[in-house]
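Hi,

Here is the structure I promised to pass on.

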Amino acid sequence: AKVGKTSLIMSLVSEEFPNVVPYRAEEITIPADVTPERIPTHISDLVEHSSMETILPIMNRHSEIETCVECSAKNLKNISELFYYAQKAVLHPTGPLYCPDKKDMKPLCVKALTRIFKVSDLDNDGILNDNELNFFQRTCFNTPLESQALEDVKNVVRKNLSDGVCDNGLTLQGFLFLHTLFIQRGRHETTWTVLRRFGYDDDLELNQDYLFPPLKVPPDCTTELNHNAYLFLQSVFDKHDKDRDCALSPEEMRDLFDVFPYMPWGPDVNNTVCTNDQGWITYQGYLSQWTLTTYLDVQRCLEYLGYLGYSIIAEQESQAAGITVTRDKKIDLQKKQTQRSVFRCNVFGDIGSGKSGFLQAFLGRNLMCQKTIREEHRSYYAISTTYVYGQEKYLLLHEVFPDFDYLSDADLACDIVCLVYDVSNPYSFEYCTKVFKQYFMDSKIPCMMIAAKSDLPEIKQIYGCSPLEFCRRHKMPPPQSFTCNTAAAPSRDIYTKLTTMAMHPKGGRESRDDMQQRAAGQNRTLVAVVKTDHARLRCMCTCNRCTFCLCQNFLNSELLQTVRAKLYAVNRIKVTYSLLSFPSPCLCIDLSLWAFFSLFNRHVSQADLKSSTFWLKASVGATVFAVLGFAMYRVLLKPR
């Protein structure tokens, strides 16, 4: 130090002695044309020592040290570089990605990038073609690659890896090599940008905010997949159905869920949705299972969609964009229409009543097929599609545990209740009546009674009344006969009825409070009748539902007017005209007289018209019918 090295260099360049000598001169190159030997000369002004010589052994011992920067506050040396690399070490750490000892990416990084590759491989051919690479580039960096830049990337891979490019597309090995190259060249921020775009955190685990975006579901509302989500799931199915048989084989199923950290569907799913003859989940069954998951556990559905990369591939803000939250069920009841597509039916019944068979029959399985199901693979749910007035709807059947003393709110929350009893067991029906009376007699939920095992001899149920009489008393449809002991697939008609009742719950029973309110409302709309003349009767009511309105509409109908006109045309039956033209005391008498003369006109003959006995009988008959009509009027008048 201090011997004049820097002064010599500065004097060479400036051809004068410098008054101010810097701590160290920058590197100087003497061109070849100014030297006698025609050789360029480089001059490195070296300091007496470097801190890098001290730090390098430490960096080699501790791989967590990512960067070392030699700097000087006095000389303003590498100040901005220092803080740049400090930021980079925090935002884009090398440690989770790369192992310096092995000079390769760590297993967690390889696993994450492999999932990203498979999600980006839209046609599942194991290669990222130009379109898929451009989509990937635009998704991660908001800009597409120029065609020449794309070729340059593939050429780099070709030079370094024999199997990195195939059919002019980037293979998984080539994709991993590129990211290894980025990290080794200090561009690990590129890899981190990709990882974070696909939902990974600093520990290379999928972020909870990515998997579970906020979604508010108010009470009495349900969750369904919307059209865009179904389109995405359809593309995922088509992507993995390589043999195009509209079903997923076990290998295809494993390939589909390879981007998941675990296998989400167990063997019970095959007994929850429709399968083909080989027991593989069909396209319809695949969509049904997704619908079931969305309805029962929307958070799990969001997680699953996150693993598949829904928000990225569908270019949505989050998975929540694929979910529809239905409106409150009370609003549906008020408007007497619903926009929902999924309806839940809870199935109650005693042990051995045939509940499981009822669920499996919905999936097209007869009794013989059901006997092959293993007990550990049994499912308490069944879901498939039905068609109501040409609209496709999902019906979700849930078998409820027979111990009705411990029913949870989830067991009671549904759109329709199915009460199953065994026609060959005399004690089976009593269980259904207990469940109905304890939980559903005063509710607005429609109920249907199922007479299961109808192929067996029916035995009288040990109960106070028959199932048919019980249904009549409680304004339920009559018991529906059902059996799954058939040669072919069981009939699906009963499931269409269930879906229809669930869609239109007003067709079911009314609670006691509702009936009282409705009766009170009707009483308020009625006008008290003081006089019995036609003028007052005609303006008494316009509800078009009561007996008065029905009679009035019938009397004014074209059919009756035509009959009257024909009766008027019979000149020889003068009594007909006189009686029908007579202003009766009420419309009920009009109706009675019309009924009498309809019968009279049907059975009269030409010979009878000349008999005085006949006319006497006709007069008495007309009088009797008029009296009956007046009595009917008095009976109807009292409740009004």
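Below is what turned up, starting with how to read it.

This is a predicted model, where local features need pLDDT of at least 70, side-chain atom pairs count only at pLDDT 80 or more, and totals for chains, interfaces and linings use all residues. Residues are numbered from 1 along each chain as its sequence is written, and side-chain values use heavy atoms, leaving out hydrogens and water.

Three strands make an open sheet in the order β5-β7-β6, with antiparallel pairing (strands are DSSP E runs of at least two residues, helices are H or I runs of at least four, both numbered from the N terminus; two strands pair if DSSP finds at least two bridges between them). β5 (127-128) and β6 (165-166) are at the edges with a single partner strand each, so one side of each has no neighbour in the sheet. β6 pairs with β7 (residues 169-171) over 2 bridges, and Cys166 has Gly169 of β7 as its bridge partner.

Now the helices. The axes of α10 (residues 227-240) and α12 (residues 283-296) come within 11 Å and cross at roughly 135° (axes are lines fitted to C-alpha atoms, for helices over the stretch in contact, with angles from 0 to 180 degrees between N-to-C directions). The two helices are therefore oblique to each other (under 35 degrees is roughly parallel, over 145 roughly antiparallel, 65 to 115 roughly perpendicular, the rest oblique).

Cheers
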